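Please keep the sequence and the structure in view while reading.

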Amino acid sequence: MIVITAPTGNIGRPLLSRLLESAPAAGEELRVIVRDPARLPDAARGRVEVVTGSHGDAEVLDRAFAGADAVFWLVPPDASLAPYDGFSGFTHPAVKALAAHGVGHVVGVSALGRGTPLADRAGLVTASLAVDDLIAGSGVAYRALANPSFFENLLEESDSIRDQGVFTDVVDADRKAPLVATADIAAVAAGLLLDRSWTGIGDVPVLGPEDLSPNDLARIMTAQLGRPVRYERRPLDELFTTLVGYGLNEAFVQGIVDMKRAKDEGLDAGVARTPDTASPTGFAQWCARTLKPAVLA
């Protein structure tokens, strides 16, 4: 029995799709925890056991983890709380439930940066690494998917790219860093959940096929979209003011700012890309398949 949290999100949805294809042949049953079962894909209906509720709720977890052999764990960011409260606070009930039900294996969504000088001042990333430590201390075999920023973050810029030909961030325009498609993260998670011959605690970096700078992204988007796209760098203090103006918790916003600053200082550069850490989806391919339809919609 494999339990999937956040099965309707950017990673959980492609993960569920992959497991629906491959889990039956492996003799695995699937169970999902979801707030709104109506958001599950049609292909999942009647083929997965559904536990309705939040995976931050102890009672929900008690039902979901009963009889489970493996869990996919993803903490949804809560912009109303400080980062530690939002990440570790959400995970504490899971740690108790994993031990209570003897779950053997957990695969979690985490971030790059562990072991670097920036790890303890990287905002949301620091909070994510603390979650890894919590789960690792529960006695399960644990693999943390250590990810850079996602291609999918650019979908939030679709309107600006379409209307002004501009996307923004706070990092240097020529700062090259790894980027990854969430479908590639899902593929790695599926492999770990289905083949549980691994033991102990470890990170599994998922780095995409190449490092890219914002200027590289602009060049590739221009070619793929057939229209000029350029990058504009925003000051960190402007980002903070804008997000607080949207009503987000100030400590959470500071966590975003600290994460962005750390990334601009090389947080994601600490792991070498090898055949084991690279993933296949290139940015041009992702643009053609995902960004272009969103921009032209």
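## Salt bridges and a network

A salt bridge is taken here as a side-chain nitrogen of Lys or Arg within 4 Å of a carboxyl oxygen of Asp or Glu. In this predicted model, R114, D132, D133 and D203 are linked in a network of such salt bridges, and the structure holds 20 salt bridges.

## R196 and E28

The side chains of R196 and E28 form a salt bridge with an N to O distance of 3.0 Å. This pair links distant parts of the chain, 168 residues apart, with R196 in the loop between α6 (182-194) and β10 (201-205) and E28 in the loop between α1 (12-22) and β2 (30-34). R196 is partly exposed at a relative accessible area of 21%, whereas E28, at 13%, is buried.

## K176 and D216

Between K176 and D216 there is a salt bridge whose closest N and O atoms are 2.5 Å apart. K176 lies in the loop between β8 (166-169) and β9 (177-180), while D216 belongs to helix α7 (residues 214-225), so the pair ties together parts that are 40 residues apart in sequence. K176 is partly exposed, with 47% relative accessibility, but D216 is buried, with a relative accessible area of 11%.

## D211 and R273

D211 and R273 also meet through their side chains in a salt bridge, at 2.7 Å from N to O. D211 is in strand β11 (residues 211-212) and R273 in the loop between α9 (250-264) and α10 (283-296), and the pair links these distant parts of the chain, 62 residues apart. D211 counts as partly exposed at 33% relative accessibility, and R273 counts as partly exposed at 30%.

How values were computed:
Residues numbered from 1 in each chain as written. Predicted model: local features only at pLDDT ≥ 70, side-chain atom pairs only at ≥ 80, totals over all residues. Heavy atoms only, no water. Helix = DSSP H or I, 4+ residues; strand = E, 2+ residues; numbered from the N terminus. Buried < 20%, exposed > 50% of the residue type's maximum accessible area, 1.4 Å probe, protein only.
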